[in-house]
Amino acid sequence: MEILMAVIIGVLFTSAVYLMLSKSLLRIIIGTGLLSHGAHLLILTMGGLKKGSVPILGEHAKHYVDPIPQALILTAIVISFGVTSFFLVLAYRAYQELGTDNMDQMRGTEGND
Amino acid sequence: MEEWFSQKRRIFIIDFQFVETAIFDSYFIHQGGIFLSLLHLAIFLPFIMAVFVPFLYKGFRKIHTGWFVLIVPALLFGYFLHFIPTVRENEIIKRTIHWIPSLKIDFTAYLDGLSLLFALLITGIGTLVVFYSIFYLSKKREQLHNFYVYLLIFMGAMLGVVLSDNLISLYTFWEFTSLSSFLLIGYWYQRDGSRYGAQKSMLITVFGGLSMLGGIFLLYNMAGTFSIRELITHKELIMASPLFIPSMLLILLGAFTKSAQFPFYIWLPDAMEAPTPVSAYLHSATMVKAGIYLVARMSPVYAESPVWLWIIGSFGIFTMFWASFNAIKQTDLKGILAFSTVSQLGLIMSLLGVGAAALHYKDMDENIFIVATAAAVFHLINHATFKGALFMVAGIIDHETGTRDIRKLGGLMGLMPITFTIALIGSFSMAGLPPFNGFLSKEMFFTGMVRVTEMDLFSLDTWGLLFPIIAWVGSIFTFLYSIMLFFRTFTGKLQMDKLERKPHEAPAGMLAPPIILAALMIIFGFFPNILTYNIIEPAVGAILPELLEPGEHFVGHISFWHGPGIELFMTIGVIALGVVLYLTLSKWGKIYSWFPDKLTFNHLYDQIIKWLESGAKSITKGYMTGFIRSYLVYIFLFFIVISGVTLITKDAFKIDVSNIAPIGVYEVVLALIIVIGSATILLAKSRLTSIIALGAVGYTVSLFFVIFRAPDLALTQLVIETVSVALFLLAFYHLPPLNKHEKGIGFKLGNALISIGVGVIVTLVAISAHSNKLFDSIAKYYIENTHDKAGGENMVNVILVDFRGFDTMFEICVLGIAALGIFGMIRLRLTNEGGKTNEKK
């Protein structure tokens with residue numbers, strides 16, 4: 001299972017990097033979104049995917065899955081959401097002000113940096 | 001917990017007290033009674049005075065500030081004079097102030113014959129130069145406070161250089177001289193030439209200074225001390241070390257750049273943009289001799305090596321020849337004098353190099369090689385006298401006629417009789433004519449060089465023949481430019497129309513310092529033994545300490561200057577050939593134009609500066625493209641290469657399937673959805689498709705969370721994904737239609753290669769990280785204690801708010817900041833509403 005997950009994570013990273021290398025701002029933001037999905041799944045996979053119960057004590061199970069990666073991912077999800085939304089509004093404002101979403105055209109002119 | 005804290009704090013306090021007492025103890029023990037000696041005060045006096053100069057300048061407008069400054073060097077000169085009897089008996093004065101004892105850096109003032117000689121030169125010529133500058137610089141037009149502050153800093157720094165025993169304090173003062181010289185050369189900062197010259201001298205001397213610092217650290221590495229005295233006692237250790245030659249070369253680089261040796265002499269002619277008193281003081285008598293001082297000072301450590309003798313001897317003698325040859329084509333008085341200074345410094349340097357041979361002949365009575373070192377010291381003094389006087393003469397001529405160009409000058413003999421006399425004495429002394437002091441040292445120079453051929457070491461018995469020949473040819477050119485300088489200026493026809501002012505004799509105050517120097521030239525010429533016993537002997541003793549027992553004298557070497565020898569015939573040859581060359585100058589002078597400008601070192605220096613600038617610019621332009629994509633490519637490529645190479649070289653990739661969970665049907669389906677979703681985003685032509693595909697991927701991830709037993713994550717992911725998609729859709733209306741902007745298959749292929757590389761590396765790293773688990777998770781603790789210690793059931797939530805609550809707090813901060821940032825971005829529009837024009841282009 002972990003190997004399948006590693007491959008999926010690899011696919012997510014590949015698409016994310018490809019999108020981030022493009023010139024359109026919207027595609028870059030979508031790329032960051034995919035990248036954070038990949039990263040979250042990576043944390044979960046690295047924590048081990050062995051069967052166990054949900055990490056809630058009421059279950060009275062013998063084995064629980066590792067709760068620590070879950071806590072870490074939860075923090076990461078919230079932070080990446082904050083950043084993505086900020087980024088999205090930034091892109092919106094940039095488009096409003098500059099009239100383009102092409103990263104090449106957003107390049108600072110010489111002497112203006 | 002509290003207990004632990006208080007205990008820790010106690011330990012900390014004890015530690016602190018311990019450190020504190022240790023520092024204070026060592027501090028006071030090291031102080032050892034001597035706090036600040038008079039010798040240190042002498043070094044610091046110019047610095048202290050420099051602080052007060054601006055106040056004196058502003059407070060006493062009617063009195064020329066130079067008069068106040070004059071007190072300092074005069075006082076110091078008197079103070080250093082009184083050491084002569086002490087030093088003559090080879091007694092050494094040593095005073096220490098601790099500066100950074102823990103790093104073995106202290107400020108030890110050390111006065112022996114060599115230091116005293118330089119200290120007397122610095123303060124003596126300093127007095128005369130300050131006096132001269134009072135009449136040279138106008139009280140009304142010039143910013144005198146700047147001038148004297150710089151000059152005093154230079155004076156103090158120079159005294160520090162020659163009186164320091166610790167190499168670090170020597171280096172500190174050394175860079176102070178570079179800095180103050182930079183300020184003085186650029187004194188008329190509104191002129192381009194001044195700024196160019198100042199920058200050039202700064203770059204070259206600081207390059208050398210930093211090399212020297214490297215050499216100093218290598219020496220410390222070898223001997224474990226910064227003290228020159230202790231280095232000499234560890235000489236065997238240093239000579240046996242492999243770092244011996246590198247440290248020597250680095251130190252010599254410092255000395256050669258400072259003392260304007262070939263090929264680093266190029267800064268000196270450009271430094272002539274400085275006011276003439278500065279040229280006279282810094283660039284003839286003192287600063288350029290700092291390198292000479294360093295070579296002489298380090299001689300006891302290095303001089304036994306043949307490399308030392310060869311490098312210093314050959315570079316010195318070649319500098320002497322090269323600069324004297326080039327002096328002839330100069331048309332500016334100060335230009336001639338600058339090249340002449342370079343040439344004479346080369347002469348002294350070569351004598352110091354050749355003088356090192358004396359160390360190989362321990363028999364004192366028959367040691368005929370010691371004469372070279374004595375000649376070096378003697379010529380050092382003589383050069384300071386005649387070059388100082390000649391610079392002052394050049395300044396007077398400039399001051400009284402308005403030009404320094406010898407093509408415009410001529411026939412000033414009758415108009416300026418006193419200046420004429422001084423120039424006569426100075427240039428004849430420089431040319432090496434009797435009865436002036438230059439003659440004596442030139443004779444000793446020839447003696448020293450001729451004796452090189454008698455040395456039976458380092459294959460000097462064959463190649464050594466070059467030394468006297470080059471020396472002789474160089475001397476012919478020296479003679480030539482000396483008489484040229486003199487006759488072109490003072491004889492011939494007076495070209496009144498070319499002069500800016502009507503020439504007349506300079507004021508007495510301006511003439512007094514060169515008159516004193518001229519008098520010294522004659523006195524030293526007729527009675528050289530005044531110097532011999534009092535100054536030269538102790539100085540030679542300091543350069544060659546092994547040869548001189550305390551209290552022992554080597555009388556006789558310098559007093560025998562009579563009698564016909566090969567040197568006398570060489571001198572006659574110099575005069576005869578020099579006169580012939582002078583008379584036929586118009587015929588052979590054309591050879592200078594054969595030498596193309598593109599091959600000069602000045603041109604090379606300018607080109608190097610240009611290359612460095614344009615090279616750095618083009619390199620920066622090459623990779624700082626301004627496109628964010630380029631930087632992402634660098635980052636990802638770096639990531640791929642570093643991780644990939646590490647995986648391969650460390651043989652880190654490993655698949656371990658023993659500890660692995662089984663694959664279920666659901667997982668395969670979800671995995672397929674994710675793959676299809678990502679592919680859809682990549683291929684989508686419309687923005688709606690790609691956003692929906694992103695949403696699909698996000699929901700699949702939350703389904704993964706469900707399968708992998710993470711209910712909180714699944715919940716959060718669902719909500720957040722929904723909100724994100726909603727946000728995307730909200731921003732949708734304002735965002736442009738999805739435009740890929742990408743054209744050309746090459747662009748896509750490159751991106752695809754990089755992204756596949758990243759994906760593969762991440763997969764490989766993930767697999768091998770999972771296969772290399774080193775220890776179990778610490779989750780057991782949380783599972784056991786969630787209920788007992790934190791009173792909760794949901795482990796993830798307890799970890800978030802109890803065990804690791806800090807993370808959550810700052811995560812809340814992140815959200816808050818993002819919200820405020822978004823609010824600010826939308827609300828604040830200064831460019832539009834602030835009345836300023838929008839910078840839309």
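Pro263(B) sits in the loop of chain B that runs between α11 (244-258) and α12 (267-270); helices here are DSSP runs of H or I with at least four residues, strands are runs of E with at least two, and both are numbered from the N terminus. The bond to look at is the one joining Phe262(B) and Pro263(B), a cis peptide with omega at about -5°. Ala260(B) belongs to the loop between α11 and α12 of chain B as well, and its phi is near 55°, a positive value in a residue other than glycine. Most peptide bonds are trans, and most residues other than glycine have a negative phi. Ala260(B) has a relative accessibility of 0%, so it counts as buried; that word means under 20% relative accessible area, while exposed means over 50% and partly exposed anything in between, with a 1.4 Å probe and protein chains only.

Before going on, a word on what you're looking at: this is a predicted model, where local features need pLDDT of at least 70 and side-chain atom pairs count only at pLDDT 80 or more, while totals for chains, interfaces and linings use all residues. Residues are numbered from 1 along each chain as its sequence is written, chains are lettered from A and ligands numbered from 1 in the order in which they are written, and side-chain values use heavy atoms, with hydrogens and water left out.

Look for Arg709(B) in the loop between α30 (687-707) and α31 (711-732) of chain B. Arg709(B) has a relative accessible area of 30%, so it is partly exposed.

Back to Phe262(B), which also belongs to an aromatic cluster, together with Tyr265(B), Phe318(B), Phe321(B), Trp322(B), Phe325(B), Phe339(B), Phe477(B) and Phe601(B). Over all chains, the structure holds 47 aromatic pairs. Rings of Phe, Tyr and Trp (its six-membered ring) pair if their centres lie within 6.5 Å; planes under 30 degrees apart count as stacked, over 60 as edge-to-face and the rest as tilted. Take Phe217(B) and Phe226(B): their ring centres are 6.1 Å apart and the planes stand at 70°, so this pair is edge-to-face. Phe217(B) is partly exposed at 42% relative accessibility, whereas Phe226(B) is buried at 4%. Tyr302(B) and Trp308(B) make a stacked pair, with 5.5 Å from centre to centre and 20° between the planes. Tyr302(B) is buried at 0% relative accessibility, and Trp308(B) is buried at 0% too.

What about charges? There are 9 salt bridges over all chains, each being a side-chain nitrogen of Lys or Arg within 4 Å of a carboxyl oxygen of Asp or Glu. One of them joins Arg297(B) to Asp112(B), with the closest N and O atoms 2.8 Å apart. Arg297(B) lies in helix α14 (residues 290-302) and Asp112(B) in the loop between β2 (105-111) and α5 of chain B, so this bridge ties together parts that are 185 residues apart in sequence. Both ends are tucked away: Arg297(B) is buried at 2% relative accessibility, and Asp112(B) is buried at 5%.

Arg229(B) and Asp165(B) form another salt bridge, with 3.6 Å between the closest N and O atoms. Here Arg229(B) is in helix α9 (residues 228-233) and Asp165(B) in the loop between α6 and α7 (167-185) of chain B, so the parts being tied together are 64 residues apart in sequence. Asp165(B) is buried, at 2% relative accessibility. The bridge between Asp807(B) and Arg804(B) has an N to O distance of 2.9 Å; Asp807(B) is partly exposed at 29% relative accessibility, and Arg804(B) is partly exposed at 35%. There's also a network of salt bridges, which links Asp332(B), Asp398(B) and Arg404(B).

Finally, go to helix α6 of chain B, where you'll find Leu151(B). Leu151(B) is buried at 1% relative accessibility. From Leu151(B) to Met430(B) is 279 residues in sequence and 26 Å in space, C-alpha to C-alpha.
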